[in-house]
Amino acid sequence: DTDCDGPGGSSQSAKWILDADAPRIRRETDLDGDARCDYHARVDAGGEVRAGPPEEAVWRMYCGPTSAWRDIAISLLPPGAEASQPADALPSAAHAHGEAPLA
C-alpha cells in the first residue's frame with residue numbers, strides 16, 4: 001500500500017501489509033479503504049512495490065496487548081510452492097485456539 005491512510009494522512013512510506021481486510025487492487029492508496037494505517041503486520045516496500053513482497057524480511061507485527069509490536073523474521077514462499085514442516089512442529093497458538101491464521 002503506497003499510502004495506507006490515504007492522501008493527506010500521516011503515512012510516510014509504501015508498505016506491504018497483512019490485514020484482515022482484503023485489498024481493493026484498483027485503488028492507488030489506502031487499499032482497504034479504512035482511511036487508517038490499521039493492520040496486523042507491515043514491512044517497508046522500499047522502491048520495489050510492483051515486484052511483490054520480499055521473500056525474506058523482518059516484519060513489524062502486532063502480537064497482542066501483552067507483547068505489542070515486535071520485529072518478526074518471515075520467509076514467504078512463491079505462489080504455488082509447498083511449505084515443508086518438520087515432523088515435530090507444533091501448531092501455532094492461533095490454530096490451537098481455533099482462530100484463523102493471519103496470512
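**Strands and salt bridges: a short walk-through**

Hi everyone, let me start with a strand pair: β2 and β3, the latter covering residues 56-62, run antiparallel to each other and pair over two bridges. Before going on, a word on the source: this is a predicted model, where local features need pLDDT of at least 70 and side-chain atom pairs count only at pLDDT 80 or more, while totals for chains, interfaces and linings use all residues. Residues are numbered from 1 along each chain as its sequence is written, and side-chain values use heavy atoms, with hydrogens and water left out.

Now the terms for strands. Helices (H or I, at least four residues) and strands (E, at least two) are DSSP runs numbered from the N terminus, and two strands pair if DSSP finds at least two bridges between them.

Strand β2 also has a partner in β1, residues 15-18; that pairing is antiparallel too, with four bridges. Arg 42 is a handy landmark here. Opposite Arg 42 of β2 stands Ile 17, and in β3 the bridge partner of Arg 42 is Arg 60.

On to the charged pairs. How many salt bridges does a search of the whole structure find? Three. The criterion is a side-chain nitrogen of Lys or Arg within 4 Å of a carboxyl oxygen of Asp or Glu.

Arg 60 is partly exposed at 28% relative accessibility, while Asp 71 is exposed at 53%.

Next, Arg 36 and Asp 38 form a salt bridge whose closest N and O atoms are 2.7 Å apart. Asp 38 is partly exposed at 38%, and Arg 36 is partly exposed at 47%.

Finally, Arg 27 and Asp 30 meet through their side chains, with 3.9 Å from N to O. Is Asp 30 buried or exposed? Asp 30 is buried, at 3% relative accessibility, whereas Arg 27 is partly exposed, at 37%.

Conventions: Buried means under 20% relative accessible area, exposed over 50%, partly exposed in between (1.4 Å probe, protein chains only).
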